[in-house]
Amino acid sequence: MTSTCKPPVPEGKGNPWMDSPAVRPGNAEERANRERWEKDLSGMLAELCGDEEGLEEMIAAFLDELPGLRQRWALFLEEGKTAEAAREFHKLKGSLSYLVGPEERDLARRAEAEARQGVLSPRSGTVRKLERFLDGFDRFLRERKKKTAR
């Protein structure tokens, strides 16, 4: 990625929430996820030329939209309306493309593809993985918001 920011975003800028032991969970997998998400957000901040307010607006929009997306795709899957569920997963994939790396986006992509094929159920492994990721990412973003508000 080529930075067009002048001057470049200082290393570690916008990352105060990772300095606190309160946001470092004991679970090694969750800690690794949080570190990866932190890196992803730092990359987006660099692409925004250090516009922290712009990044916070993107995060706020994602957090506002997420509950509705989750509710709609769950309802559509329960009703067997997989094409409608696929549209919700597509929206999620687009939102995630700004905030996380390819590993997490791939979960939304797989859910969308399986829904379009009509093979996705509310209790499928893909949905369960996606739900676990979203629970952790939502928690991470909300904790981060509290830290940056100080």
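**Figure 1. Helices α3 and α5 of the predicted model.** Axes are lines fitted to C-alpha atoms, for helices over the stretch in contact, and the angle between two of them is taken between N-to-C directions, from 0 to 180 degrees. In this predicted model, α3 and α5 pack at an angle of about 40 degrees, with their axes 14 Å apart. Angles under 35 degrees count as roughly parallel and those from 65 to 115 as roughly perpendicular, and α3 and α5 are therefore described as oblique to each other. The crossing of these two helices, α3 and α5, is left-handed. On the α3 side the contact is made by Phe 89, Leu 92 and Leu 96, and on the α5 side by Leu 130, Phe 133, Leu 134 and Phe 137. Sorted by class, the contact of α3 with α5 comprises seven nonpolar residues, with no polar and no charged ones.

**Figure 2. The whole chain, as a setting for the close-up views.** The protein has five helices and zero strands, and the pattern read along the sequence is α-α-α-α-α. Of the 150 residues in the protein, 40% are buried. Among contacts with a sequence separation of 6 or more, 63% are accounted for by residues 24 or more positions apart.

**Figure 3. Helix α5 and what covers its buried residues.** Helix α5 has 25 residues and reaches 36 Å from its first C-alpha to its last, which is close to the 36 Å expected at 1.5 Å a residue. The buried residues of α5 are Thr 126, Val 127, Leu 130, Phe 133, Leu 134, Gly 136, Phe 137, Asp 138, Phe 140, Leu 141, Arg 144 and Lys 147. An α-helix has 3.6 residues a turn, so residues three or four places apart point the same way. The cover over the buried residues of α5 includes α1 (28-47), α2, α3 (82-96) and α4 (102-116).

**Figure 4. Helices α2 and α5.** Helix α2, residues 52-78, packs with helix α5, residues 125-149, at an angle of about 150 degrees, and their axes are 11 Å apart. Because angles over 145 degrees count as roughly antiparallel, α2 and α5 are placed in that class. Their crossing, that of α2 and α5, is left-handed. From α2, the residues that meet α5 are Leu 55, Glu 56, Ile 59, Phe 62, Leu 63, Leu 66, Arg 70, Trp 73 and Leu 77, while those they meet in α5 are Val 127, Leu 130, Glu 131, Leu 134, Asp 135, Phe 137, Asp 138, Leu 141, Arg 142, Arg 144 and Thr 148. The residues of this contact of α2 with α5 divide into 12 nonpolar, one polar and seven charged.

Figure 5. The axes of α4 and α5 come within 10 Å and cross at roughly 145 degrees, and α4 passes α5 in a left-handed crossing. Glu 104, Leu 107, Ala 108, Arg 110, Ala 111 and Glu 114 in α4 meet Thr 126, Lys 129, Leu 130 and Phe 133 in α5. By class, the contact of α4 with α5 has five nonpolar, one polar and four charged residues. Arg 110, which lies in helix α4, is partly exposed, with a relative accessible area of 27%. Beyond its neighbours within four places in sequence, Arg 110 is in contact with Thr 126 and Lys 129. From C-alpha to C-alpha, Arg 110 and His 90 are 9.9 Å apart in space, although 20 residues separate them in sequence.

**Figure 6. Surroundings of Val 127.** Val 127, placed in helix α5, has a relative accessibility of 4% and therefore counts as buried. Apart from neighbours within four places in sequence, Val 127 is in contact with Trp 73, Leu 77, Leu 120, Ser 121 and Pro 122. Val 127 and Ala 108 are 19 residues apart in sequence and 8.8 Å apart in space, C-alpha to C-alpha.

Figure 7. Cys 49 is found in the loop between α1 and α2, and at 41% relative accessibility Cys 49 counts as partly exposed. The phi of Cys 49 is near 55 degrees, a positive value in a residue other than glycine; most residues other than glycine have a negative phi. Gln 117 lies in the loop between α4 and α5 and is exposed, with a relative accessible area of 58%. The C-alpha atoms of Gln 117 and Ala 86 are 9.2 Å apart in space, with the two residues 31 apart in sequence.

Conventions. Residues are numbered from 1 along each chain as its sequence is written. This is a predicted model: local features need pLDDT of at least 70, side-chain atom pairs count only at pLDDT 80 or more; totals for chains, interfaces and linings use all residues. Side-chain values use heavy atoms; hydrogens and water are left out. Helices (H or I, at least four residues) and strands (E, at least two) are DSSP runs, numbered from the N terminus. A crossing is left-handed if the near helix is turned anticlockwise from the far one by less than a right angle, and right-handed if clockwise. Contact means heavy atoms within 4.5 Å. Ala, Val, Leu, Ile, Met, Phe, Trp, Tyr, Cys and Pro count as nonpolar, Asp, Glu, Lys and Arg as charged, and the others, Gly among them, as polar. The expected span of a helix is 1.5 Å times one less than its number of residues. Buried means under 20% relative accessible area, exposed over 50%, partly exposed in between (1.4 Å probe, protein chains only).
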